[in-house]
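User: I am new to this structure. Please walk me through the terms used for it.

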Amino acid sequence: MGSETEGGSLGQDWATLDLGGAGAQFFEFASFCFTKGTADFSIEAIQPNSRCGDSDICNAYVFVCNQDDLEMLKVRNRDPNSMCSNPMGNSGLCQRALDLSPVSGTSQLQLEDLEGKMHFWMLRCLPDGIESRLDYLFLNNNRTDHLTCELVPMPMAFLALLAVWIASFLVWNASWLRHRNSYPVFLHQCMTNVPLFKVVAIIWAYLDWRQLSERGTTESWFHIAKVIFAAFFKGGLFATLLFLSKGWLVVRRVTSKIEHRTVLLCATLFIMSTVTYDLFRGLFLFVWILIHVIVLRLIFGSLFFNTTVLRSQISVLEPRGPSLDLVFATAKLRMFMRMRATILCWVAVQACLALTETFVSSIIPLWIFPAAREAADWFLCLVIGWTFRSRVPRLPPDDPSTDGEMRVLGESSAHQRFLSHKKMLVLHPISVRLCDGRVPHDHVSLCTRVVASQGPAGGLGAAVALGAAA
């Protein structure tokens, strides 16, 4: 319940509703969640009609309804003409029935001490010759906050997220800086773009929410910049996931120019689709979903490729007993499997949030959804960063004389479906050397380097370094 007082001042954060059209109308024009809230109304007659005089039939009413009132409205006769013919019978329709008297001049009204989710309905009982304009302003927390109570926690939530991401950014950089002289950290330097973009995006999002809370509006360019920074984070994140899924600097030293172009194209399309969807919505949702499906398909395809190759290597190494090669092959297999499981969990969480927000958002506070998405992004980056943290000793120079022992493993039926022709497989120690080249797929599928090697029987065999090809 609220108390009515006269007064109220207009500002740039007021919303406007033009009341025109034919005859009587009854419709909902706004809903807002209040905590120590106030509602200001100002109605102005633009083209008054003197024939109305002081008649109650020529009037406009605002009804302030809670959820229980809405249930009553569903079973009540809501014909605007019959409601306008008996205006006194509408007084108990909702918690409040406000007489705005829009026939001439300007009328102002204010409600105070509002609590909970309120729905505002307009009963327009005016002839065609009258046009009027309704301005209204909703505030929370004793007129200090323009956000609905379901979004009041957003500025503080993004401030907390900013602290978490800054801490993550500093810890990540401290990790690879500490190991830069003993471990290969170029991959981790490249991965730094993800938390860096996110810190910038979170700062912009926090400032945007602060403006909305304090002023009720935000500059257009400021909102566009927030969307662009958020899109660059997503583009950088998925570009990094693509490179990691292909095994770059994990099971292979280089990637091809075609792969670089593919990743760059995917990141660009991802950024563009995210920006257009966030700004315009509508049909851009289809493009946004399509780009997600394509990029995730490439990621999971590369992960399947690498896990298949590593399982093949492990199946050959295990009968030979414990070895450093087996330890490293098993560790890398677990890395790719953990990455795949984490991305699957992230996709499932995003899908559940989208469905929940669409169908049952009325019973869940609105701030939960953006906060949960941000938490899911942080969890994804946390697990991926921990999985691919710097922990592998630096490799020796790429010199054939330092290749060490090359073990002839022979032909195996486990490899038949991956090799276009039967070949003698000689496994290069993957714990010491990484592949640094490519062989066309029509010659050796899944192999990225072929060198000559002296087999244990004294014959010259084909030494094949198995890795993750495109």
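Analyst: Start with a charge over a ring: NZ of Lys or CZ of Arg is within 6 Å of the ring centre and within 35 degrees of the ring normal. The charged end of R389 sits over the ring of W386, 3.9 Å from its centre. The charged end of R281 sits over the ring of Y277, with 4.5 Å to the centre. This is a predicted model, where local features need pLDDT of at least 70, side-chain atom pairs count only at pLDDT 80 or more, and totals for chains, interfaces and linings use all residues. Residues are numbered from 1 along each chain as its sequence is written, and side-chain values use heavy atoms, with hydrogens and water left out.

User: What makes C65 and C94 a disulfide?

Analyst: A disulfide is a pair of cysteine sulfur atoms within 2.5 Å. In C65 and C94 the S to S distance is 1.9 Å, so the pair is a disulfide. C65 lies in strand β4 and C94 in the loop between α2 and β5, so the link ties together parts 29 residues apart in sequence. Strands (E, at least two residues) and helices (H or I, at least four) are DSSP runs, numbered from the N terminus.

User: How many disulfides does a search of the whole structure find?

Analyst: The search finds 2. C33 and C149 also form one, with their sulfur atoms 1.6 Å apart. C33 is in strand β3 and C149 in the loop between β7 and α3, 116 residues apart.

User: Why is C94 called buried?

Analyst: Buried means under 20% relative accessible area, exposed over 50%, partly exposed in between (1.4 Å probe, protein chains only). C94 has 8%, so C94 is buried.

User: What makes the pair of F186 and W248 edge-to-face?

Analyst: Rings of Phe, Tyr and Trp (its six-membered ring) pair if their centres lie within 6.5 Å; planes under 30 degrees apart count as stacked, over 60 as edge-to-face and the rest as tilted. F186 and W248 are 5.8 Å centre to centre with 85° between the planes, so the pair is edge-to-face. F186 is in helix α4, and W248 is in the loop between α6 and α7.

User: Why are F280 and F284 called tilted?

Analyst: Their ring centres are 5.8 Å apart and the planes are at 40°, so the pair is neither stacked nor edge-to-face but tilted. At 57% relative accessibility, F280 counts as exposed.
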